[in-house]
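Thank you all for coming; I would like to take a few minutes to walk through one structure with you. Please have a look at it first, and then I will go through it piece by piece.

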Amino acid sequence: MQQLQAKDSSMQLQASLWPLVVSLILIASTMRAPLTSIGSLISEISTSLELSNTTAGLVTSMPLLAFAILSPFAPGLAQRFGIAKVLATAAVVLTIGISIRSIGSITALFTGTILLGLAIAVCNVLLPSFVKTVFPHKLGLMTGIYSVSMNLCGAIASGVSVPLASQAGLGWRGALAVWAILASVALVCWLLQIRNPRLQSQPTYANRKVQQSGTLLRSSLAWSITLFMGLQSMFFYIIVAWMPNILQDRGMSAEDAGWMLSLLQFALLPLTFIVPIWAGRRVSQQPLVWIMFLLLFTGIIGLMHGSNGLIPLFVILLGIGGGFAFSLAMMFFTLRTRDANEAAKLSGMAQSAGYLLAAAGPIIFGLIHDLSHSWTIPLYMIVFTVVLLLLFGSHASKNKYVT
């Protein structure tokens, strides 16, 4: 009888995992689309609202500043209210932020962008910890699944934004507003998971002593992971904000430039699934860091000096390299920590300081372009970023823990 009860309990626990997998996919799907959708429309938005290149860069940087501000507090919120409730609340704020951003004024644009940035910041920090808690023996697989979901929707958003705005007649406001629908679906799903037995039986944060943040601040490995996270994010958001404009200045149409940004994100999709599994099976991830560097370096040099006919190839290389960088950053949170609480603390530190660094990227890139009236100097800024990624990634990939 006891064996039957134990077996029945085990089956119920396994059954409770599938709704959590679906919820993970849905919440991950909302974490990139509201950000990447604006990159393809930034020229139209700038014209409509009379924004300078520097101010337009600030639109992309505002969510990153929100990430930096809220990330350190996300673990504490989950500890107090429970991870399911916090993620459901984030979905509410995200839906509201997307809706406000689409009203059409400069004030609404920045207010909505800040709100959705705060919501995504919570998801950024808590999902690695959520995976480490609920799927402790499938870290690579589940990290890959939510990374693919995140980047797939981001890629689709980049590609369909211009057609939605022009061909579907929605304008840039409507093209941005459609992503509130996806956020609403994620909200409903997470509301249903608040009492999921898997989360109730294995609370991620309850009754756990919170590790002193000063321990991580004294760890050179934690800082390497933080800088790697920030630099790869800075690279991605500069590309999202400015690559369509760069390609348009080279003679490409706005729609084709938007699809090139989409192609970059489609190229990274297989890697965001494969690399976490690959990295999770290796003692050291240094070979993966070198592959990332060679891909990004070749892609950015090709974008700068290659012929227009080879632009799709260089965009694909940047996408694949970006897939390596993002996946490694996500995996470092779990591979270099001993438990879910420590993973949340490292994730909060890395995403706070890292995104503060990343937030400066699109603004500085736009400012340098305004001052130099050329894309050459700003693009060399990305080359330098790729070199730094190699240096910090090599240290972060060492087989040891942050504490």
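A word about confidence before anything else: pLDDT is the predictor's confidence in each residue, on a scale from 0 to 100. What we have here is a predicted model, and its mean pLDDT is 82, with 92% of the residues reaching 70 or more. Two stretches call for caution, however. Over residues 1–13 the pLDDT is below 50, and beyond near neighbours in sequence this stretch has 2 contacts in the model. Over residues 201–212 the pLDDT is again below 50, although that stretch has 26 contacts beyond near neighbours in sequence.

Among the buried residues of α7 are Ile83, Val86, Leu87, Leu94, Ile98 and, at the end of the list, Arg101.

Next, the way helices meet. Helix α6, residues 74–81, packs on helix α8, residues 106–134, at an angle of about 75°, with the axes 9 Å apart, and that makes α6 roughly perpendicular to α8. The contact residues here divide into 6 nonpolar, no polar and no charged; Ala74, Pro75 and Ala78 from α6 meet Val122, Val125 and Leu126 from α8.

How do α9 and α15 cross? The axes of α9, residues 139–166, and α15 come within 8 Å and cross at roughly 175°; because angles over 145 degrees count as roughly antiparallel, the two helices are roughly antiparallel to each other. In this contact the residues divide into 18 nonpolar, 12 polar and 1 charged.

Helix α16, residues 286–305, has 20 residues and reaches 29 Å from its first C-alpha to its last, close to the 28 Å expected. Its buried residues, including Leu288, Met292, Phe293, Leu296, Ile300 and Leu303, pack against α14, α15, α17 and α19.

Is leucine 247 buried or exposed? At 1% relative accessibility, leucine 247 counts as buried. Leaving aside residues up to four places away in sequence, leucine 247 touches Met252, Ala257, Met260, Leu303 and Ile311, and Leu303 is also one of the buried residues of α16. Leucine 247 and leucine 261, finally, are 14 residues apart in sequence and 9.8 Å apart in space, C-alpha to C-alpha.

How values were computed
Residues are numbered from 1 along each chain as its sequence is written. This is a predicted model: local features need pLDDT of at least 70, side-chain atom pairs count only at pLDDT 80 or more; totals for chains, interfaces and linings use all residues. Side-chain values use heavy atoms; hydrogens and water are left out. Helices (H or I, at least four residues) and strands (E, at least two) are DSSP runs, numbered from the N terminus. The expected span of a helix is 1.5 Å times one less than its number of residues. Buried means under 20% relative accessible area, exposed over 50%, partly exposed in between (1.4 Å probe, protein chains only). Contact means heavy atoms within 4.5 Å. Axes are lines fitted to C-alpha atoms, for helices over the stretch in contact, and angles run from 0 to 180 degrees between N-to-C directions. Angles under 35 degrees count as roughly parallel, over 145 as roughly antiparallel, 65 to 115 as roughly perpendicular and the rest as oblique. Ala, Val, Leu, Ile, Met, Phe, Trp, Tyr, Cys and Pro count as nonpolar, Asp, Glu, Lys and Arg as charged, and the others, Gly among them, as polar.
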